[in-house]
Amino acid sequence: MWKTLAMLEFSAHRYADSLAAAQAAQRTGAVRRDPMYAALGHTQAAVGHAALGDRQATLRSLGYAEEAMIRVPDVQRPTWVSFFGHGELYSVVASTQQNLSRPADAEAASYRALSVLPAQFRRNRASVKARLAISLIHQGEIEQGCARAEEVFRIMDSHPLPGRLRSLIGDFHRDLLTQAPDSRAANDWADRFRAEWT
């Protein structure tokens, strides 16, 4: 329940409330007993800290999450939490680093996420690719960023992009036009995929 509350508050741009929900979760018995839930709580707190621009608190929460993940036993989990593992953790690291304007760190975390995210987590992998594309263009790697953005559509295999992924592709496109408005790669990408994401 606390994960859902934290996510709802975050989606509504109430970042302080999202952070408060994650911090409240860290005081529950389940989180104290099980490193899996501790890692999840610290990860959600990192998301809130990053949205509020608190770099040190973000890095601290991510460090706690990684430490907790090391202690997670290999046991069957409830379906609602089956998505969470090292791949999701690295995906959150990439997202928070991006929010903190640290594109090189976001890139590195994206590659780590992609190396361990299961192939069947198609939307998760596509989201990481979109974030990777954004981190690359923010480092001046325009052609490589466009190539990673194209991979989002290949991963989704002609299926409609879910809302959050459409938003990430929109962020990529806007940032691409800001970073390299006259580049051939940017114009080619926009021409080829405008119909896909508008």
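This is a predicted model: local features need pLDDT of at least 70, side-chain atom pairs count only at pLDDT 80 or more; totals for chains, interfaces and linings use all residues.
Reader: In this structure, are H4 and H6 roughly parallel or roughly antiparallel to each other?
Author: Helix H4 (residues 35–51) and H6 pack at about 10°, with axes 9 Å apart. Angles under 35 degrees count as roughly parallel. H4 and H6 are therefore roughly parallel.

Reader: Which residues of H6 make the contact with H4?
Author: Take each side in turn. H4 brings Thr 43, Ala 46, Val 47 and Ala 50. From H6 come Leu 89, Val 92, Thr 96 and Asn 99.

Reader: How many residues in the contact of H4 with H6 are nonpolar?
Author: Sort the contact by class. No charged residues take part, and 3 are polar. The nonpolar count is 5.

Reader: How do H6 and H8 run, roughly parallel or roughly antiparallel?
Author: Start with the angle again. Helix H6 (residues 86–99) packs with H8 at about 30°, and the axes lie 10 Å apart. The cut-off for roughly parallel is under 35 degrees. So H6 and H8 are roughly parallel.

Reader: Which residues of H8 make that contact with H6?
Author: The H6 side has Glu 88, Ser 91, Ser 95 and Gln 98. Facing them in H8 are Asn 124, Val 128, Arg 131, Ile 134 and Ser 135.

Reader: Is H8 roughly parallel or roughly antiparallel to H9?
Author: Helix H8 (residues 122–137) and helix H9 (residues 142–156) have axes that come within 8 Å and cross at roughly 165°. Angles over 145 degrees count as roughly antiparallel. So H8 is, relative to H9, roughly antiparallel.

Reader: Is the crossing of H8 and H9 left-handed or right-handed?
Author: Handedness is a separate property from the angle. As H8 passes H9, the crossing is left-handed.

Reader: How many charged residues are in the contact of H8 with H9?
Author: Residues on the H8 side include Arg 122, Lys 129 and Leu 136, while those in H9 include Arg 148, Glu 151 and Val 152. By class, 11 residues are nonpolar and 2 are polar. The charged count is 6.

Reader: Which residues lie nearest the centre of the second largest pocket?
Author: This pocket has a volume of about 240 Å³. Its lining has 7 nonpolar, 4 polar and 2 charged residues. Of the 13 lining residues, those nearest the centre are Met 36, Val 72, Val 75, Arg 77 and Phe 84.

Terms used: Residues are numbered from 1 along each chain as its sequence is written. Side-chain values use heavy atoms; hydrogens and water are left out. Axes are lines fitted to C-alpha atoms, for helices over the stretch in contact, and angles run from 0 to 180 degrees between N-to-C directions. Helices (H or I, at least four residues) and strands (E, at least two) are DSSP runs, numbered from the N terminus. Angles under 35 degrees count as roughly parallel, over 145 as roughly antiparallel, 65 to 115 as roughly perpendicular and the rest as oblique. A crossing is left-handed if the near helix is turned anticlockwise from the far one by less than a right angle, and right-handed if clockwise. Contact means heavy atoms within 4.5 Å. Ala, Val, Leu, Ile, Met, Phe, Trp, Tyr, Cys and Pro count as nonpolar, Asp, Glu, Lys and Arg as charged, and the others, Gly among them, as polar. On a 1 Å grid over the protein atoms alone, a cavity is a set of points where a 1.4 Å probe fits but cannot get out, and a pocket is an open set with protein on both sides within 12 Å along at least five of seven lines; lining residues have an atom within 4 Å of a point. Grid points are joined across faces, edges and corners, and a volume is the space filled by probe spheres set on the points.
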